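Hi,

Here is the structure I promised to pass on. Have a look, and my notes follow below.

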Amino acid sequence: MNAPRVDVHTTHHQSFWVISPSGREWQGRGNYPLREGQEVRVLWAGIRGGISTGHVVMHNRTLQKLWTNPQDLPRALSFHGIKRLTLKYLAVLAVVFGVALYFPLTYNDAGTGAFFKGLFACVVLIAIGAMHRARMIRDNQSEALSAIQKAVANDPELQQSLSA
């Protein structure tokens, strides 16, 4: 007889409301240490002519803590260059797969070994491409957030508008 087994999974979803000095209210999401009465700055990002996708910087001025949220950056920023990278990997995969098919069909003594080696090379290239893609997205997000933070730090008018 087996003893009963208990599995526990806890997910925390925090939402909060930010009220601007003008009275405008905004509901945020994320796990930030906030209390009623604390002063926060929230920065949204968007592409000109489009809508903002969400907040990308949360600054609790009372605690002097700053958090960034790269998931809410516009896709055009996060995925910049991904299409070109994907096309390069697809071209290399086509060449490798073509060579893997060519040798067994052309040279009888090559056998199926060349085909399976080519197939293995394609699988390895797909894995490398996926890691390259993920790193490129993280780099794009990091660069965008860095540019946003520099813009805020170097623009006194923006600093004043965030404080108002």
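Let's start at the hairpin of strand 1 and strand 2: there are 5 residues between the strands, and Gly23 has a positive phi near 100 degrees. Before I go on, this is a predicted model, where local features need pLDDT of at least 70, side-chain atom pairs count only at pLDDT 80 or more, and totals for chains, interfaces and linings use all residues. Numbering runs from 1 along each chain as its sequence is written, and side-chain values use heavy atoms, with hydrogens and water left out.

Strand 1 (residues 15-19) pairs with strand 2 in the antiparallel sense over 5 bridges (pairing takes at least two DSSP bridges between the strands). Strands are DSSP runs of E, at least two residues, and helices are runs of H or I, at least four, numbered from the N terminus. Opposite Val18 you'll find Trp26 of strand 2.

Buried means under 20% relative accessible area, exposed over 50%, and partly exposed in between (1.4 Å probe, protein chains only).

Gln64 sits in the loop between strand 4 (54-60) and strand 5 (65-68), and counts as exposed because its relative accessibility is 57%.

Finally, Leu93 in helix 2 (residues 82-106) counts as buried because its relative accessibility is 16%. Leaving out residues up to four places away in sequence, Leu93 touches Cys122, Leu125 and Ile126 (contact is heavy atoms within 4.5 Å).

Cheers
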